Amino acid sequence: VHCIESEYMKYVKYSLEEKDYSSSNSYKTTILNSILKLYEQLETSIRDNSEVVKFFNIKSNSNFTFNIYPFGYSIPSTLLANKTPPKSKSFSNVIPGNYSTYISNERDYLFELSESLFVVTYKKAGWDCLRHYEIIAAGSIPLFVDIEQCPHNALPMHPKELYRLLLYQPGLQFNVSDIPIGGGRARRIESLSFDDKQLDQPLYTATVEALLHYARNVFSTRSMATYLLQKIYTHSDGHVRSSAPKVLYLTHTWQDLYGHTDMGDFQADLTLIGLKEVLGEDGVIDYPKRKAIYRTHNEFNTSAFEEARSRLYGKGFVFGLFLSESQQMSENRNPAVVEENIKNHVYDVVIVGTAHVMQYKYGLKHRQLPFFDLVCEHYHPKEVALLDGYDWPTDRFLLLRYNFCAAHVFSREGWNSNITRSIEGWLVMCRQARVKIPLQPHLNLCPPEARMTIYLIENELRRPFHSREAFLSRGFDFDDVKDIEQEEFLIYPEGPPLT
């Protein structure tokens, strides 16, 4: 169904055959070719069950490998426009970062986006932002004003090349400046204008519908969950026997993290909605209950619904109170039942939906993620996945904090390039971390400055030199010793000393 040629593709192919648009310098030809390429990539991916983007398989030590897959937010398909909506203005009045322009009601907000030809967006805390999805879902074109600065590993599932080309729309002019905020940055739109006489309406419509088509197949909650399950199944080395497994979905709670009620989490909750769509209510057990996505009977009342939603993160737009559930689900979520099911391997796959909180909540212990130690005891790493929805690239900290119990990592912001580098044969000393981070008790932190030890990375072990003489007797030079960060140091298990 997804690959049936639509009207927009007929227009694209017909226009590319016309002689008037044969020039490679034509904006129209460039956009048409970008849309065609996007469609062909998508069609191939669906037909061959292959990937829109590649993933990394990384060997972290002699006994363990893990896969890092591109991932991201998603949006329920029920919120995607069926076609290009009527337009009444060039730009949306809602500007990211300018809270005075924000709209508190989801329906009004999406309508505001839908009646605009273009909507400005840019990197916020992370490159992946729910706003990008909302703009496309509303049937508008995102003006991603800083897309050219986006790293290769970030937004890997997005049509970044098309985003970039759309900034060169004839008649469009804009000026954006950086505003430093603490250690980060924000954007300020200095000027924004569009000469609507230069709008090519058929091309605009084709572009919007191409983005909507792509969103249904890649960005929808159902599509993203299907992709997640398929990757786990395909790369589990036979440990997972079905692409529609029974899933235990473990998460931290806001109560544990911050001491107040659950406000929701975009990455964890949207992915869970998608898993419920694909596997059905009984096919995935979320423990503890992700309260932000479920509505009670009282909240079916419109005013109660809006009030309850407004207390959630981002006012609950897109994900809040999205599902209802049966009494049976509460029974399936009983802690005693979950514990027994883990021991008996009733669940085929375990997914940690909030793995990212372990990257920035340094004081967390494993016991604050319910049942995870029990999962490590009873499940093979190929049956366990982590969702890293953090605003920064995935790094080695994430793996250390989960004791190498998970072989699948789905990364929203890509991965730190240092995670893939080999330091085999290096002479290293551990650089004391600038921030003291309490890792698991069985991991040794960097020693104090006065007791610094030199190590040789050999056969993916860190082997300490027993003495100065042991170091010099092998012909090594102190000038060859490199400092490495604590997280990279700890990734290598300690081996026998060199005497």
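Which residues of helix 9 are buried?

**Entry 1: ground rules.** I am working with a predicted model, in which local features need pLDDT of at least 70, side-chain atom pairs count only at pLDDT 80 or more, and totals for chains, interfaces and linings use all residues. Residues are numbered from 1 along each chain as its sequence is written, and side-chain values use heavy atoms, with hydrogens and water left out.

**Entry 2: the whole protein.** I looked up the overall make-up and noted 17 helices and 16 strands, where helices (H or I, at least four residues) and strands (E, at least two) are DSSP runs numbered from the N terminus. Of the 499 residues, 54% count as buried, a word that stands for under 20% relative accessible area, with exposed meaning over 50% and partly exposed in between (1.4 Å probe, protein chains only). I then turned to contacts, meaning heavy atoms within 4.5 Å; among those between residues at least 6 apart in sequence, 72% join residues at least 24 apart.

**Entry 3: helix 9.** To settle my opening question, I list the buried residues of helix 9 as F266, Q267, A268, D269, L270, T271, L272, I273, G274, L275, K276 and L279. Because 12 of its 14 residues are buried, helix 9 is largely enclosed by the rest of the structure. I also checked the length of helix 9 (residues 266-279): at 1.5 Å a residue its 14 residues should span 20 Å, and the end C-alpha atoms are 20 Å apart, which agrees. The expected span here is 1.5 Å times one less than the number of residues. At the start of helix 9, a side-chain oxygen of D265 comes to within 3.1 Å of the backbone nitrogen of Q267, while just after the helix G280 takes a positive phi of about 85°.

**Entry 4: helix 7 and its partners.** How do the axes of helix 7 and helix 9 cross? They come within 7 Å and cross at roughly 80°, where axes are lines fitted to C-alpha atoms, for helices over the stretch in contact, and angles run from 0 to 180 degrees between N-to-C directions. Helix 7 and helix 9 are therefore roughly perpendicular to each other; angles under 35 degrees count as roughly parallel, over 145 as roughly antiparallel, 65 to 115 as roughly perpendicular and the rest as oblique. The contact of helix 7 with helix 9 has 8 nonpolar, 4 polar and 2 charged residues, with Ala, Val, Leu, Ile, Met, Phe, Trp, Tyr, Cys and Pro counted as nonpolar, Asp, Glu, Lys and Arg as charged, and the others, Gly among them, as polar.

I next looked at helix 6 (residues 201-219) and helix 7 (residues 221-234), whose axes come within 5 Å and cross at roughly 45°. That makes helix 6 oblique to helix 7. Here R216, N217, V218 and F219 in helix 6 meet T221, S223 and M224 in helix 7.

**Entry 5: two loop residues.** Is R412 buried or exposed? R412 is buried, with a relative accessible area of 2%, and I found it in the loop between strand 12 (408-411) and strand 13 (427-431). Not counting residues up to four places away in sequence, R412 touches several residues, including G126, Q267 and Y390. The C-alpha atoms of R412 and G126 are 8.8 Å apart, although 286 residues separate them along the chain. The side chain of R412 reaches the backbone oxygen of Y390 at 3.2 Å.

E115, in the loop between helix 3 (106-114) and strand 4 (116-121), counts as buried at 18% relative accessibility.

Note on methods: A polar contact is a pair of N or O atoms within 3.5 Å; within protein, one must be able to donate a hydrogen and the other to accept it, and residues adjacent in sequence count only if both atoms are side-chain atoms.
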